[in-house]
Each structure stands twice: as C-alpha cells, then as structure tokens.
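This report describes some local features of one structure. Please look at the sequence and the model before reading on.

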Amino acid sequence: MLDLERLRALHSVATYGSVSAAADVLHVTTSAVSQQLAKLERETGQKLLERNGRGVRLTDAAELLVAHAERILSLVEQAQADLEAHRGSVVGQLTVASFPTAIRGLMPAALRSLRSDHPDLRVLLREEDPMRSMPLVLRGDFDMAVVQDWNNEPLPLTEGLHKGVICEDVADVALPAGHDLAGRDTIDLKELAGDPWISSSSDSICCDWLLRTLRAIDSEPRIDHQAYEFATQLSLVAAGLGNIILPRLGRCDVPPGVAIVPLSAPLSRRVYAVWREEAARRPAIRAAVTALRAAIPAGGGEEAATRVI
C-alpha cells in the first residue's frame, strides 16, 4: 500500500523542482522529505531520484508515479470537500491570499462575520499580489485567493480554478490640487498624456495594467515614483509629484492637496474569489464568498455581484 504523505512528498518535488523547495512548501525539513522519498523507493522497489549536477531529477518510474499521485491527491481533496458538504458545517481551516486593497477594504468585516457565524472555522489570511496568488492556489498553498482584473483587461482563469465575483470597483483619477484639470467634473484619460504617474512596484499586476492602459491611448507612461499602498501614493500626489488611478475600494482618507476626478470613460475592476475545482463543494468556500460580498463598503465597490456559486 502506497503511503499518501510519501506520494505528496514526491509530487511536491516534481512540482517545485527540488527537495528543499518541496520541504519549504510542506513545512518540514529537507531531511524529512528525503526520508519520505527513501521509504517510497523501498515500498515501490524503484529508484525515484537521480543526481543531476547539484540537484536531482525524477526517473521514469518517478514520473509515472507522480502522474498517479496528482490524481490521487486530487481525489483526496474532493473526498474531503464532499464530506464537508455532506455534513453541511463550515468547519476546519481556510487559507486565503488577497491583494492589499481587498485586505484593507473587505477582509476585516468579512473575517469578523465568519468568526461570529462560523466559530469552528479558522481562517488564515496572507497578503499576495494576484500575479502570485492564483498559481499558489492552483498548487495547493492556499485554499482561496481574492484577486482583481479590469474592464479593459479581463483576467484569464487558469484551468483547474473556479471563480466567484465579489464586486465591481470603479476607479477615478487622483490629481494634485494644483493640476490644470483638477476642477473638472470628468476627465478623459487622453487629456493626461505626458503627465507623471505614480504606481505600485513594477512586478505587480497594477503597474502592468497601468502601463498597458496608458500605451493604449498612445501615451508612453512616465512612472516617476512607485509605492505599493494607496495611502502612500496619495501622499505623493498631494506633494504634486504625479497622478494615480484610484479604485474606490482602495480610497482611504484623501489628504489635502489631492483632487479626485471621475473618468469620462469609466475604468473599473472586478474583484473575484478563486479556488480549486476540487474544493468547490466546501461549505467554507461558499461561506467566505458570502461574507466578502456582504463586506462591500458603501461607496466602495459600485455593486455586489449576484452570481451564486
């Protein structure tokens, strides 16, 4: 009989490329993973790893076993989800990754509601950029992620993941109060061509989106300053250092010296929860999505999605 945890260790080595990386993901020592693999080799009577320079590579026998392990681990997760669904109780542990704005704007109220309504559910929250969080959900590091896309750039959903819409979040432009267009009722984005901009870090989904959006209106972006939090970006705007695109869910206290002006051709982002197909029946997933939708602040997301998962 093949041991499930030893199969999980082999699958992790195959997925993450090394014994040490697998150990990090499994939250055990490198020695523990090596011992599990040695025991699996004895159980199967097959050599599973071979030296490859400073690392290791999987043998043909290991590749065959990994294909089976992937299906077995998927079935185990489905069985766990089905048991939770059959019991109908929101229990156990739910690990959630979320982008910073949703952590500030949605998570406190959602987590408070979950703790009150489902005291046997433990939620563990971590901050991650959507570009990282979806792969982490797919490989099992998180049960669910809260991510975003924009109306001019939809989010491609990776095979193996499901999603539920949380809200629609309209964005405005934040300008220095002394800007020539600061007093307008609305602004066309093209009118800001050539202006300096402030954005999050260059490896984030928000910065990538801003670059493509500005280039789409024939404006080569001039991003002079980068800061991840909207509160910090607004301080830079107040100092007259550039403009930002500011989603309403991300709007904190607007400091003096900043003018918020709607766009004449509105930009909005949709906020989603995503989870693995195998976990779709977990009551904890459904409860978390319901709590997130109920947590939308007045004046934040324009409207809650009505899609039922």
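## Helix H9 and its surroundings

The buried residues of helix H9 pack against helix H5 (100-105), strand S6 (161-176), strand S7 (196-199), strand S9 (244-247) and strand S10 (258-276); contact means heavy atoms within 4.5 Å. Helices (H or I, at least four residues) and strands (E, at least two) are DSSP runs, numbered from the N terminus. The model is predicted: local features need pLDDT of at least 70, side-chain atom pairs count only at pLDDT 80 or more, and totals for chains, interfaces and linings use all residues. Residues are numbered from 1 along each chain as its sequence is written, and side-chain values use heavy atoms, leaving out hydrogens and water.

In H9 (residues 230-238), the buried residues are Phe230, Gln233, Leu234 and Val237. Buried means under 20% relative accessible area, exposed over 50%, partly exposed in between (1.4 Å probe, protein chains only). They lie on the same side of H9 because they cover an arc of only 100 degrees around the axis, taken from the directions from the helix axis to the C-beta atoms. Just after H9, glycine 240 has a positive phi of about 80 degrees.

## The tryptophan pair

The structure holds 1 aromatic pair. Tryptophan 150 and tryptophan 209 are stacked, 3.7 Å centre to centre with 10 degrees between the planes. Rings of Phe, Tyr and Trp (its six-membered ring) pair if their centres lie within 6.5 Å; planes under 30 degrees apart count as stacked, over 60 as edge-to-face and the rest as tilted. Tryptophan 150 lies in strand S5 (residues 144-150) and tryptophan 209 in helix H8, so the pair ties together parts 59 residues apart in sequence. Both tryptophan 150 and tryptophan 209 are buried.
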